[in-house]
Structures are given as C-alpha cells and as structure tokens.
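Here are some friendly notes to read alongside the model.

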Amino acid sequence: MSQQSKAKLNGGKPCVPKILNRLSPVSHFSGTPICEFLDIYTIVNYIGIGTLLCEIWRGTLEILLMQKRCVILPMLYMMIGIHSASHAQVLTAQYDNFRTGADLHETVLKPSNVNTRDFGKLFSRTVDGDVFAQPLYVPSLMIPGVGKRNVVFVATEHDSVYAFDVNGTRDAPLWKASFVDSQHGITTLSEHDVFCPFITPEVGITPTPVIDAASKTMYVMARTNEHGVFAQKLHALDITNGKEKPGSPVVISATVQGSGDGAVGGKISFDPLKENPRAALLLVGGEVYLTWASSCDIGPYHGWVMAYDAHTLQQRAVLNTSPDGGDAGIWQSDAGAAADDEGNIYVATGNGTFNGAKAGGRDFGDSVLKLRLEGQRLVVRDYFTPFNQKVLDAKDWDLGSQGPVLLPAQAGAHPHLLVVAGKEGKLYLLDRDKLGKFQEGSDSQIVQSIKGVKDAYGAAAYWNGHIYFTDRSDTTRDFAIENGLLVTKGVTARMSSPGATPIVSADGAKDAILWVVSTKEWNEAHMDRPAVLHAYDARDITHELYNSEQKSERDRADMTVRFAIPTIADGHIFVGARGRLDAYGLLNSDSRSQK
C-alpha cells in the first residue's frame with residue numbers, strides 16, 4: 001500500500017474497527033491499545049492471514065482506504081475465520097467467548113472417516129491428578145531449546161499444568177508447572193477439607209484456564225492449603241516455559257457490603273475454603289473474570305464474580321450475587337461465563353435468595369445475569385429469573401446447572417439470542433437485548449421456553465442454526481432455529497451414562513460432527529468407569545458414527561471425571577480423565593491424505 005493511500009485512511013489516522021480490540025483478549029502491547037497504532041495492513045499481519053490473503057483482498061482494501069472507510073465487520077470476521085482455519089487454536093473453554101462449543105475449522109475429521117476402521121485412540125499421557133478442566137491447544141508454539149511444537153495444555157487437581165507435544169512420542173511433557181510444595185507445607189485441598197466428595201481425592205485446579213495468544217500468557221485459578229491456611233490464587237504463566245509472569249500469582253480476596261449469610265458488621269468476605277470455582281475462566285477486554293459457587297452447598301456461601309486486570313493482575317471489580325441473602329452460586333457444571341461483542345458478561349446462578357424484582361434488590365438466585373464492568377464496579381445491567389424461582393430454590397432445581405450460550409446474530413425480531421437450561425428440565429431461549437427480568441405467574445415475556453427435557457448440566461453447543469443439548473435422559477437433542485424459535489429435529493440413542501457439554505467440529509457449514517463424552521452421575525465420584533467418546537453426524541444425530549467402546553480393546557478411554565468437555569483441534573480429540581489425557585484421531589496416513 002502506498003504512503004499516499006495510508007495517509008488517506010481516516011484523515012491520516014489508523015482506522016481500526018472496535019472488534020480489533022477483541023481479536024486478542026488482551027489487546028495491548030506495553031499498555032497501548034491496538035487501535036492507537038495499527039494500520040490496515042498491520043491488522044492483516046496481526047491476525048496472521050499471510051501474504052496470499054493480502055493479495056486477494058488488496059483491491060477491496062484499497063477501495064475502502066480510498067473511501068476513508070474502515071474495513072467492515074463481516075470482512076474481518078471472514079478474515080479471522082480463514083486465519084483460524086490455517087492455525088487452529090483453542091484458547092478458552094468451549095472455543096470462544098460466546099461459548100458456542102464449535103470448532104468451525106476442522107478439515108481433517110469428517111463423517112466419512114470417523115469410524116472404527118480409520119479413527120481411534122492414538123495415545124494417552126500421564127498426569128499427576130484428575131483433569132476436570134478442558135484441555136487447551138496452541139499450534140506452532142515456539143518452545144525454548146526445542147522449536148515449534150503443536151501443544152496441548154492440561155491442568156490437574158494436583159495443582160499442576162502440563163504442556164505436551166501433540167506430535168511427540170514421549171510421555172514426558174515439554175514443561176510442567178506445579179503450585180504445590182509438600183516439603184514446605186503447600187498442598188492441594190482434600191475432599192475432607194471442603195466437606196464434599198464431588199471432586200476427589202484432592203481439589204486443586206478445577207476451572208478451565210484461559211490463554212492470551214498475543215502475550216503468550218495462560219491464566220490459571222488454583223486452590224492450595226498452605227500450612228493449614230486455605231488460599232486461592234490467580235496465576236499467569238508463560239505458555240512457552242510454564243514460568244510465572246511478573247506479578248504472578250495474586251491471592252484472591254474480597255469484601256462487600258451486605259447483610260446476608262455470614263455477614264460480620266455489615267460486610268461479607270470471600271471465604272477461600274467454602275467458595276468453589278468451577279466455571280471456566282473468561283478473558284475479555286483486557287480483564288480476567290473469575291466466578292465461584294459452593295462445594296456441596298456447604299454454607300454460608302455466595303456467588304461471586306471478580307474481574308482482574310490481565311496485565312497487572314490487580315483486582316478491578318467484585319460482585320456478590322446474594323449480598324443480602326445467601327447462595328446463588330455460579331458453577332455451570334464447569335462451563336464458562338460468556339461475553340458478547342460489547343463486553344457484556346453473562347452468567348447463570350444456582351439456588352439462592354432472589355429479591356431482584358424489588359426496589360434495591362441485589363440477590364439473584366436462579367437467574368441469568370447480564371453484567372458490565374463500569375469503572376471499578378460490576379453492574380447488573382439486565383437479568384432473567386423464571387416465574388417459579390421459589391419452587392426451583394425449594395427443590396434444588398438450579399437454573400445455573402448449565403452455562404449460557406450466546407448465538408451468533410439471527411434473522412428476525414430477536415437477532416441476539418441466548419440459550420440456557422437447568423435442573424428443572426426447561427430450555428430457555430432469551431433475547432440478550434431484553435432478557436425479561438422477573439414476571440409473576442408465567443415466563444410469557446421471554447422468546448421461548450421448552451419443557452419436556454430432563455435436568456441439564458454443562459452447556460449447549462451451537463452450529464449452523466442448530467442447538468445441541470444433553471440432559472439426564474442420557475441423550476443429546478438437536479433443536480433447529482426456525483422462524484426465530486427452537487424446533488426439535490432429532491435425538492441420539494441413549495448413552496450408557498450422562499454427558500454434559502457437547503462439542504461440534506466442522507469445516508464451516510460442512511462435514512459437521514457432534515462429539516459428546518458420557519461420564520458418570522453425581523453420586524459416583526468414588527466409582528471408576530471409563531469415559532465413552534461418542535461421535536454423531538451433526539446433520540442427523542440419530543446416526544452415530546463412532547464410540548470408543550465399539551472397539552474397546554484399542555480405543556477404551558481412561559477412567560472418567562464428571563462434566564468432561566472434549567477438545568477438538570487439527571484432527572485430534574483430547575479427553576481429560578483420572579490422571580490421564582487421552583488423544584483420538586485418524587489412525588493412519590492414508591486416512592489423513594483423503595481428508
């Protein structure tokens with residue numbers, strides 16, 4: 001691009017759409033926002049599309065520049081999509097901050113080659129604890145002294161983080177970071193410490209970490225017992241070597257004004273023993289968002305949301321979801337808080353006090369909350385609470401047993417939709433622009449609610465106008481969006497045990513596969529059974545392509561943990577288990593050459 005053309009861009013100033021502030025969750029270099037110094041060709045290089053794409057788009061870019069216009073968002077989305085297809089990466093739980101659970105850039109695996117002949121278990125890697133967190137993946141990562149490697153990251157309940165070479169043949173990791181030191185009295189928590197057997201035998205790292213690719217930083221929430229003092233800490237690790245970044249870790253603490261459970265002198269303090277982080281970490285707008293619920297409803301506890309500056313790790317804001325009551329935890333069966341393009345945060349709370357419909361009410365049990373960081377405060381901008389919230393609370397029917405999933409823009413009167421379900425067995429379709437708040441007697445103010453499913457955990461997945469949803473019937477259902485409403489399209493055969501969060505892999509709008517890991521029930525924490533990896537044709541989920549028990553002598557998965565979320569990237573499927581990471585994929589080069 002000529003200097004003359006550059007000068008015509010926005011009156012000589014770099015013109016970068018707001019979305020560029022979100023291409024990397026931490027869109028700063030040395031504290032300077034991208035939009036302050038990037039021209040359009042730098043944008044192209046920043047999102048990694050390469051010379052060929054630059055040539056393809058050169059004419060369009062020049063026209064836009066000559067007209068003093070920014071690149072329109074659809075073009076940027078397309079460019080970002082092409083980038084992802086060439087360089088698959090999984091930096092956060094469920095693939096993106098909308099939590100769609102969809103890898104749209106999988107070109108290796110397709111319905112024609114996912115079968116017992118061509119597809120199966122490739123390897124397992126040994127780790128030192130159970131893997132509840134979803135594995136993350138970064139390709140072509142430069143590892144000091146080793147070179148570029150395709151790396152899968154695994155966090156364990158033994159407070160360790162591993163980096164494995166996906167294409168390597170050794171069980172040893174590229175690096176391992178540990179947050180415990182038993183010789184100096186720093187250990188994980190035990191199930192007896194937290195009075196809860198759901199995560200056993202130890203509690204360390206449960207929520208899925210999140211990675212900022214630009215700064216090569218992984219943010220990890222870990223729990224420790226330090227000489228009998230319980231602590232929770234936010235760590236920032238260099239993903240190339242596992243070392244702590246400057247200022248890391250920071251100890252989590254907070255106090256808010258309130259008269260609710262556990263209040264002392266009109267204040268409620270965060271309890272690092274009773275507050276249990278399960279929902280995945282969220283990174284958006286330069287902030288790391290963390291959330292908490294309870295262990296086995298051992299009180300007093302509250303739901304908490306905290307924002308930390310991703311660069312300095314300083315606490316930015318704190319929200320307690322039941323400051324004048326109790327409970328209302330955010331656990332979402334390990335699925336993550338979501339964020340939209342405007343930086344609004346969405347969480348679903350469980351059983352607890354609700355008075356949000358009253359003037360000055362601040363308690364939001366069994367609610368979907370739309371939050372926004374405003375200065376040093378996290379503000380509830382909107383919410384939805386079912387009309388029968390008191391019944392949900394009384395019967396332990398947490399709405400927040402599922403995490404919210406935001407849908408891409410849809411046609412019709414409600415372009416910005418959200419789906420969520422809970423233990424009651426009701427699927428809600430909400431308008432993010434007007435969630436509906438609380439209405440006595442019915443939920444007629446929302447877009448749609450569907451009864452008839454069983455209690456749900458984890459989160460749904462979205463692909464190409466379809467919502468895939470698992471529940472305690474041990475099946476997965478396919479709902480299509482037609483005329484702005486959800487319509488049932490299909491249901492899988494019953495699995496041997498319940499699944500939680502499904503994942504879709506596809507090459508854009510084709511070759512889509514639905515993946516579900518069936519695990520175990522809430523009361524089976526001390527029982528061992530192998531996970532079962534299921535693959536279905538996403539266009540017709542009644543057609544099962546593969547499961548890991550069909551050829552169990554070769555493909556059987558390791559012993560499962562509950563709520564396991566699989567990760568699909570570059571032809572591999574990674575499944576966390578008890579002390580193991582399992583990897584599946586195509587078994588021979590002939591299968592790969594026919595992709």
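1. Setting aside neighbours within four places in sequence, Thr470 is in contact (heavy atoms within 4.5 Å) with Gln402, Ala456, Tyr457, Thr475, Thr476, Gly499, Ala500, Thr501, Pro502 and Val516. Thr470 belongs to strand E32, residues 466-470; helices (H or I, at least four residues) and strands (E, at least two) are DSSP runs, numbered from the N terminus. With a relative accessible area of 1%, Thr470 is buried, where buried means under 20% relative accessible area, exposed over 50% and partly exposed in between (1.4 Å probe, protein chains only). The Thr470 side chain also reaches the backbone oxygen of Ala500 at 2.4 Å.

2. A word on the basis of all this. The model is predicted: local features need pLDDT of at least 70, side-chain atom pairs count only at pLDDT 80 or more, and totals for chains, interfaces and linings use all residues. Residues are numbered from 1 along each chain as its sequence is written, and side-chain values use heavy atoms, with hydrogens and water left out.

3. Now the overall picture. The protein chain holds seven helices and 41 strands, and 60% of its 595 residues are buried. Of the contacts between residues at least 6 apart in sequence, 59% join residues at least 24 apart.

4. Which residues have the most contacts inside the largest nonpolar core? They are Leu109, Val114, Phe119, Phe153, Val161, Trp515 and Ile573, in a core of 65 residues. Such a core is a set of buried Ala, Val, Leu, Ile, Met, Phe, Trp, Tyr and Cys residues joined through side-chain atoms within 4.5 Å. Beyond its neighbours within four places in sequence, Ile573 has contacts that include Leu109, Phe119 and Trp515. Another core lies apart from this one, with 21 residues, including Ala254, Val256, Leu281 and Leu313.

5. The whole structure has 26 salt bridges, each a side-chain nitrogen of Lys or Arg within 4 Å of a carboxyl oxygen of Asp or Glu. Arg278 and Asp334 form one of them (2.7 Å, N to O). Arg278 sits in the loop between strand E18 (275-276) and strand E19 (282-284), and Asp334 in the loop between strand E22 (315-320) and strand E23 (338-339), so the pair ties together parts that are 56 residues apart in sequence. Arg278 is buried at 7% relative accessible area, and Asp334 is buried at 2%.

6. Last, Glu549 and Arg556 form a salt bridge with their closest N and O atoms 2.6 Å apart. Glu549 is partly exposed at 28% relative accessibility, and Arg556 is partly exposed at 40%.

Definitions and conventions
Polar contact = N/O pair within 3.5 Å; in protein donor to acceptor, adjacent residues only side chain to side chain.
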